[in-house]
2 protein chains.
Amino acid sequence: MGQDLTTARENFIQGISRITTFWGFPKAMGAIFGAIYLSPAPLSLDEIVQQVGVTKGAVSTNIRNLERLGVVHKIIKMGDRKDYYNAETDFWKIIKGILREREKNEFDRAIKSVGESLDIVRSSDPDPAEKDLTLFYEERLKSLKQFFDSLDKLVATIIAIDDLRSGVLGKFGK
Amino acid sequence: MGQDLTTARENFIQGISRITTFWGFPKAMGAIFGAIYLSPAPLSLDEIVQQVGVTKGAVSTNIRNLERLGVVHKIIKMGDRKDYYNAETDFWKIIKGILREREKNEFDRAIKSVGESLDIVRSSDPDPAEKDLTLFYEERLKSLKQFFDSLDKLVATIIAIDDLRSGVLGKFGK
DNA sequence: TAGAACGTTTAGTTCGAACTAAACAAAGTA
DNA sequence: TACTTTGTTTAGTTCGAACTAAACGTTCTA
């Protein structure tokens, strides 16, 4: 490959890796996506291994996560046992997938946790000496819960908007 | 403290810690914020040490970051050498602060990195054999750059909206 | 000036996420 | 059936972020 393209490619992959690590994903995940994103043809697992320079095992686990998040897509060719991957190019869709995933897992649990704390306080029979403190707890927890609920709705809205865009609008050609 | 309040408190702090680690911040950072958030009175550094159960050094560094992000506020009492901290209760403001901070640092660099790659490709004098590949690179990089720019604007908009809300609207009482 | 009361900084340690190497499973081919 | 080619899983390792312990600097007080 030409020197300029190689430089651009390496610089790009480094940049993507920065982003992924920054948002709490493995560095290799970004590098793998970068390689696939800048490939005109779908890449096989071994090609990715060769291009990115990590072992097969690492590529295997990382690419499974990438696919789960909808960031890359597996392509199966008839009469070829290899799996190929290409990149999702609709980045809003990618964000949607990641939000949905995080929503489902950790974020949800956090919301639930605050709700539980609030329930405990509400259903407690407070010592008169701690009445003020109990009310304070209730107020603070309620306030945070409201915020989380708003955030939850915001995320749901974003997802819904994108669903609308890619669903209904897509039929008429974006 | 009553058993119920203690349970609620511990459950809450655990939940907040989950959130912070999930979003790439230290666990102790969440615990410290949780303790301050559920305290009616501002807490001193030593009180935090005692309540959260980490060393003074850790609290010192973590709380500095919390303050830099606008998540807690330092309170100085006259005639008292201790620093006290209370919690910011406007969570949208907190998000704004974090976005602004991240914007300033890593995210910016990532955007720049993609821009640089694009510049390299655009200013390259491509080998005729690689003309197609060069065009492909240019298209993909341009597409990603557009997305980043949109995201950048979105964040700026969110920040602007909150500035408006807390600035102009605040004068009339929210 | 000595000592106490703070918060900060630093050297060293811990701990877990992400990697490698290699065994493994599955599925095709000779 | 044995061998090859593929992707997955697992045991072990690495490495860096975040912690502890302790020294340190500063400021107030006696």
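1. Helix H4 (56–68) of chain A and helix H4 (56–68) of chain B each supply at least two residues of the surface near DNA strand D in this predicted model; near means that a heavy atom of the residue lies within 4 Å. H4(A) gives the most, with 4 residues. Helices here are DSSP runs of H or I, at least four residues long, numbered from the N terminus.

2. On to the phosphate oxygens of DNA strand D. An N or O atom in the side chain of B:Thr55 sits 2.8 Å from one, a polar side-chain atom of B:Asn62 is 3.2 Å from one, and for A:Lys82 the value is 3.3 Å.

3. Now for a spot in helix H6 (residues 131–167) of chain A, where A:Ile159 lies. A:Ile159 counts as buried because its relative accessibility is 12%, the cut-off being under 20% with a 1.4 Å probe on protein chains only. Neighbours within four places in sequence aside, A:Ile159 is in contact (heavy atoms within 4.5 Å) with A:Lys96 and A:Arg100. A:Gly97 is 62 residues away in sequence, yet 8.4 Å away C-alpha to C-alpha.

4. Housekeeping: residues are numbered from 1 along each chain as its sequence is written, and chains are lettered from A and ligands numbered from 1 in the order written. Local features need pLDDT of at least 70, side-chain atom pairs count only at pLDDT 80 or more, totals for chains, interfaces and linings use all residues, and side-chain values use heavy atoms, leaving out hydrogens and water.

Note on methods. Buried means under 20% relative accessible area, exposed over 50%, partly exposed in between (1.4 Å probe, protein chains only). A polar contact is a pair of N or O atoms within 3.5 Å; within protein, one must be able to donate a hydrogen and the other to accept it, and residues adjacent in sequence count only if both atoms are side-chain atoms.
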